[in-house]
Structure formats: C-alpha cells, structure tokens
Amino acid sequence: MAQRAYREGVTDAFEVGFLAEELDPAKYTLVEPKGDWATVIKTMISNEEKIILFCGDAASNSSKLLPDVPETFERLVKRKKRSIEIMKEYA
C-alpha cells in the first residue's frame, strides 16, 4: 500500500514537473527477525520504526503538490505506532 501510494505520487509529481527529494533506500533497510523471542520483538520494533521513518519522509517529500499521498503515509504511521505499542507489551 505504501509503495503503491508513493509510486503513484511520484508519477503524478513527474507529470506536473515536481521532483521530490530522492529517498535513500539504505536508510530504510529492514532486517529479518531471528533469534529468541526478545530479539525477534526488538527487531520487529526496529523494522516498524524504519517504516515509520520512510512514511514520514515520503509524506514530507510529496506534501507540496500531492495532498493525497501524505495522508496515506500518515495513516500508515498511526497504524505502525499502534503495532509498536502492542509489540512492546510482549517484549
């Protein structure tokens, strides 16, 4: 959902002549959860935080001319934050 919204937004931006600041994929690399329960939970929380960072960066990069795209990412951020709170209960 996030990838689709961002790609559609970027396509729209190109059509209107607006180029968002390019995002560095290395900044958002996710790690496969492995190990004991506590380590898996910590890794999952870290992954959720990276997704939140991506969504925030994507929203701010697209907000100037593409109002629908930031709203999608902001909704995702809210859901991811709720997920983190649930995972912290099990950590």
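Good morning, colleagues. Residues are numbered from 1 along each chain as its sequence is written. Because the model is predicted, local features need a pLDDT of at least 70, side-chain atom pairs count only at pLDDT 80 or more, totals for chains, interfaces and linings use all residues, and side-chain values use heavy atoms, with hydrogens and water left out.

I begin with confidence. The chain averages a pLDDT of 81, and 70% of the residues score at least 70; pLDDT is the predictor's confidence in each residue, from 0 to 100. Confidence is lowest in α1, at a mean of 60, and highest in α2, at 90. Where pLDDT is low, the predicted coordinates should not be read in detail.

Next, the overall fold. The chain contains three helices and zero strands, in the order α-α-α along the sequence. Helices (H or I, at least four residues) and strands (E, at least two) are DSSP runs, numbered from the N terminus. Of the 91 residues, 34% are buried, where buried means under 20% relative accessible area, exposed over 50%, and partly exposed in between, with a 1.4 Å probe and protein chains only. The accessible surface comes to about 6,400 Å², and carbon and sulfur atoms account for 54% of it; these areas come from the Shrake-Rupley method with a 1.4 Å probe, and for residues only the protein chains shown count as cover. As for contacts (heavy atoms within 4.5 Å), among those between residues at least 6 apart in sequence, 64% join residues at least 24 apart.

Which residues have the most contacts inside the largest nonpolar core? They are L23, I45, F54, C55, A58 and F73, in a core of 14 residues. A nonpolar core is a set of buried Ala, Val, Leu, Ile, Met, Phe, Trp, Tyr and Cys residues joined through side-chain atoms within 4.5 Å. The elements that give two or more residues to this core are α2 and α3, and α2 gives the most, with seven. In soluble globular proteins, nonpolar side chains tend to be buried together.

Rings of Phe, Tyr and Trp (its six-membered ring) pair if their centres lie within 6.5 Å; planes under 30 degrees apart count as stacked, over 60 as edge-to-face and the rest as tilted. By this rule there are two aromatic pairs. Y28 belongs to the loop between α1 (2-16) and α2 (37-62), F54 to helix α2, and the two are 26 residues apart. Y28 is buried, at a relative accessible area of 12%. F54 and F73 form an edge-to-face pair as well, with 5.8 Å between centres and 80° between planes. Because F54 lies in helix α2 and F73 in helix α3 (residues 68-90), this pair ties together parts that are 19 residues apart in sequence. Both F54 and F73 are buried.

Let me now consider charged side chains. The structure holds two salt bridges, a salt bridge being a side-chain nitrogen of Lys or Arg within 4 Å of a carboxyl oxygen of Asp or Glu. D57 pairs with K27, the closest N and O atoms being 3.3 Å apart. D57 lies in helix α2 and K27 in the loop between α1 and α2, so this bridge ties together parts that are 30 residues apart in sequence. D57 is buried at 18% relative accessibility, whereas K27 is partly exposed at 43%. K80 forms a salt bridge with E48, with 3.4 Å between the closest N and O atoms. Since K80 lies in helix α3 and E48 in helix α2, the pair ties together parts that are 32 residues apart in sequence. K80 is partly exposed, with a relative accessible area of 23%, while E48 is buried at 10%.

Two further residues deserve mention. I84, in helix α3, is buried, with a relative accessible area of 6%. Leaving aside neighbours within four places in sequence, I84 is in contact with I45, E48, E49 and I52. N47 lies in helix α2 and is buried at a relative accessible area of 10%. Not counting residues up to four places away in sequence, N47 touches L30, V31 and P33.
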